[in-house]
Amino acid sequence: MSDREPPTGPPGRTEDVFARQGPRLFRIAYGMLGSATQAEDVVRDVRLRWQATDRAVVADPQAYLTTATTRLSIHAAHAARMRRASYIGPWLPEPLDTGDGGGTGAADTEPVEFDLLLMLEQLDLAERAAFVLRETLSSPYPEIAAVLGVDEAQARHLVRRARRHLATDLATDLATDRVTDRQGREDTAGRTRRGDGAEDYEAA
């Protein structure tokens, strides 16, 4: 049975469907939230919903689970941003520990790069969801549109806008790094010249 076939047969078969989708669902949630703990919570919530769903009417389990995970992740990300608005200091993503996924798929998930998670945090949540689905899962645009409840043209626009924002952020970061690196080299050179002068003076 493929992941896209409706679950039939023994009750355990529905768990097989979810187990196959687990790493994919975790990757969506982690890409949206930047927190392994919150991503695991979302995946567990989706699992509970899946178990309580009349799966006889679910024509496409993967589409159902992807949509549920993405939308719950968007809600969780919005709530997290509201909470962080009152925090003092910057927010940093939570590194992904792939050693023990706890049944959620984390152990089978390639970690999203830390710097990318930081940049994703600056995106509108719809842009972030579209980007995660397209760039990390290679989801087709019709699927992204269905998940987000928009038409295909809007899904493409969201992905393009996310890429443009990320490219701008990356260019800004690279420019900042170059300035910082140049200043560091200048400071080092200045200290070296001053140190050489001091040694010459002492030797005299």
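This is a predicted model: local features need pLDDT of at least 70, side-chain atom pairs count only at pLDDT 80 or more; totals for chains, interfaces and linings use all residues.

Biologist: Okay, and which residues of H6 are buried?

Modeller: Those are Tyr-141, Glu-143, Ile-144, Ala-145, Val-147 and Leu-148. With six of the eight residues in H6 (residues 141–148) buried, the helix is largely enclosed by the rest of the structure.

Biologist: Let me zoom out for a second. How many helices and strands does the protein have?

Modeller: There are seven helices and zero strands. Going along the sequence, the pattern reads α-α-α-α-α-α-α.

Biologist: And what share of the residues is buried?

Modeller: Buried residues account for 37% of the 204 in the protein. The accessible surface comes to about 11,600 Å², and carbon and sulfur atoms hold 53% of that.

Biologist: What about contacts between residues at least 6 apart in sequence: what percentage join residues at least 24 apart?

Modeller: That figure is 69%.

Biologist: Is Arg-24 buried or exposed?

Modeller: Arg-24 counts as buried, at 15% relative accessibility. Glu-143 is buried as well, with a relative accessible area of 14%. The cut-off for buried is under 20%.

Biologist: How many salt bridges turn up in the whole structure?

Modeller: The search finds eight. Another one of them pairs Arg-161 with Glu-127, where the closest N and O atoms are 2.3 Å apart. Arg-161 belongs to helix H7 (residues 152–203) and Glu-127 to helix H5, so the pair ties together parts that are 34 residues apart in sequence.

Biologist: How accessible are those two, Arg-161 and Glu-127?

Modeller: Arg-161 is partly exposed, with a relative accessible area of 23%. Glu-127 counts as buried, at 3% relative accessibility.

Biologist: I'm also curious about Glu-135. Where does it lie?

Modeller: Glu-135 is in helix H5, which covers residues 125–136. Leaving aside residues up to four places away in sequence, Glu-135 touches Val-159 and Arg-163.

Biologist: Which of these does Glu-135 form a salt bridge with?

Modeller: With Arg-163, and the closest N and O atoms are 2.4 Å apart. That pair links distant parts of the chain, with Glu-135 in helix H5 and Arg-163 in helix H7, 28 residues apart. From C-alpha to C-alpha, Glu-135 and Arg-163 are 9.6 Å apart in space.

Biologist: One last thing. Which residues do salt bridges with shared partners join into one network?

Modeller: Arg-81, Glu-121 and Arg-128.

Biologist: Great, thanks! I'll have those residues in view when I open the model.

Note on methods
Residues are numbered from 1 along each chain as its sequence is written. Side-chain values use heavy atoms; hydrogens and water are left out. Buried means under 20% relative accessible area, exposed over 50%, partly exposed in between (1.4 Å probe, protein chains only). Helices (H or I, at least four residues) and strands (E, at least two) are DSSP runs, numbered from the N terminus. Contact means heavy atoms within 4.5 Å. Accessible areas come from the Shrake-Rupley method with a 1.4 Å probe; for residues, only the protein chains shown count as cover. A salt bridge is a side-chain nitrogen of Lys or Arg within 4 Å of a carboxyl oxygen of Asp or Glu.
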